[in-house]
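Here is a quick tour of the model, starting with the ligand and moving out to the sheets. Keep the structure open as you read.

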Amino acid sequence: MHWENWYGNQRCSPDHVVAPRSEEEVAEAVIAACARGRTVRPAGSGHSNVPLVPTDGTVLDLQRLTGLVAVDAATRQVTVRAGTRIRDLGPMLWEHGLSLTNQGDIDGQQIAGAIATGTHGTGIGLGSLSSALLGARIVRADGTVATVDLSTPDELRAARTSLGALGVLTELTLQVSAAYALVAQLEPCSWDELMVGWRERLRQHRHFLFYWFPSEAAARAWFHHDPPLRADSVLVRTMDPAHPGTPSEDGDRRRGPAFQVFADPSEPDFHELEFMVPIERAEEALGELREMLLSAHPGHALPLEVRFVAADDAFLSPFAGRASCSISVSGVLGEDNATVFADCERVFARYDGRPHWGKWHPYDAAELERLYPDLDRFRKVREELDPGGTFTNPYLGALLDRAREGAAR
Ligand SMILES: Cc1cc2nc3c(=O)[nH]c(=O)nc-3n(C[C@H](O)[C@H](O)[C@H](O)COP(=O)(O)OP(=O)(O)OC[C@H]3O[C@@H](n4cnc5c(N)ncnc54)[C@H](O)[C@@H]3O)c2cc1C
């Protein structure tokens, strides 16, 4: 048996790969794995580039567990099966006059996989996808189903960013929004222009992000702009509500149903790390990062992407308790990015940057305890839902287990 992630940088040879079509089949696969004394890892569409999934036990591939289960148009709450891809969910919700409140740069992830790592888009008034989770059904090691919702606040706060460490989510209830269309606009400017009044622009637009190009090569890497973008310049992307009309694309402007506008049409290949710093310290952190890259890595060949996310309350959310500026640094696949990434991490560490769970970072439980004041509350829910340690692997053990227990699981 073989499993590998979307990047191809994480692989494993599990004794079983099972693709269940129902919650009952999930429970059967989990019970069978436990009977063999093996661990279980749920897998989404494999877009995380760190070893969250690899196991020599059972990989549960959830791609067949799809579709809408229930829609309450009045409260704008929907229940969806875990393996539904975000790109399929958009049109399903649209038919009911609904939309996800926010989305990220791609839509190939499964909804449970995206929520498990705190996947986010941009918009200072808008939370990550995890913050939309109102309830879930979770298959446990003995095959029973735990129901978490607003009446079980600690379990819900744990399930909102679970890393697949609590059990297998089979159905997720989400708060969504009334259907809306967006017009997206790209606007080039210099770094100095951006720094004047960017917070005002952040407040004005429903979604606001920017790319910064440390070099000429970075300016050419993803955007074919006319006139060409220059080194140390910026491209601002805004997205604002628009009248739904005929979807259109015209140079720097794109309009259509929100689910068609959020995602890039392509899923680019790159190594990436992403850290979230408190929004109050955004300018300071960005300024230091920019100076470091221009002086130590002047040829850095890919853009940085900078986004903004509202605070939420999930125990392991990178946005827990603090509105954040997310800064993502990409490196060319196949090149050695270790030095530039390590230099960036040192800057992020000075700003208490919390890493994206689905992207590369060097942290273990000791650092994460400092960054996540509620890590122990997550551990308590994990003990309650998975007392035997079925839903783990060595990578998760290093992240989540108390330092002294590290070797035990
Ligand atoms: C090109 C690219 C662009 C990206 N853009 C963004 C972006 O804009 N914003 C952002 O925040 N992130 C982004 N990411 C990161 C991505 O959203 C996360 O890594 C996300 O977790 C991937 O979802 P997935 O379905 O592929 O899950 P996987 O990577 O397969 O799994 C992620 C985690 O979810 C768990 N899991 C999956 N299904 C279940 C389930 N049913 N029950 C319990 N646990 C489960 C797994 O065990 C694992 O721990 C991007 C990644 C790529 C490759």
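## Where the ligand sits

The ligand lies between domain 1 (3-62) and domain 2 (64-178), because both give residues to the shell around it; the domain bounds come from an automatic or database domain assignment. Bear in mind that this is a predicted model: local features need pLDDT of at least 70, side-chain atom pairs count only at pLDDT 80 or more, and totals for chains, interfaces and linings use all residues. Residue numbers start from 1 along each chain, following the sequence as written.

## Who lines the shell

There are 34 residues around the ligand, and the ones that come nearest are Gly44, Gly104, Gly113, Gly164 and Gly358. A residue counts as near a molecule or strand if its C-beta atom, placed from the backbone, lies within 6 Å of it. Strand S4 (40-43), helix H3 (111-116) and S11 each give two or more residues to this shell. H3 has the largest share, with four residues. Helices (H or I, at least four residues) and strands (E, at least two) are DSSP runs, numbered from the N terminus.

## The five-stranded sheet

Now for an open sheet of five strands, ordered S6-S7-S11-S9-S10 with antiparallel pairing; two strands pair if DSSP finds at least two bridges between them. At the edges are S6 (68-72) and S10 (145-148), each pairing on one side only. From one strand to the next, the twist averages 10 degrees.

S6 and S7 (residues 77-81) run antiparallel and are joined by four bridges, with valine 71 opposite valine 78 in S7. Helix H1 (residues 23-35) packs on the sheet, touching S9 (133-139), S10 and S11 (168-175). The direction of H1 makes about 50 degrees with that of S9. Contact takes C-beta atoms, placed from the backbone, within 7 Å; axes are lines fitted to C-alpha atoms (for helices, over the stretch in contact), with angles from 0 to 180 degrees between N-to-C directions.

## Around strand S17

S17 (residues 253-257) is joined to S13 (residues 181-190) by five bridges, and the two run antiparallel. Glutamine 185 stands opposite arginine 253 in S17.

S16 (residues 248-250) also runs antiparallel to S17, through three bridges, and glutamate 249 has arginine 254 as its bridge partner. Two residues sit between the strands of this hairpin, where glycine 251 takes a positive phi near 60 degrees.

Terms used
Contact = placed C-beta atoms within 7 Å.
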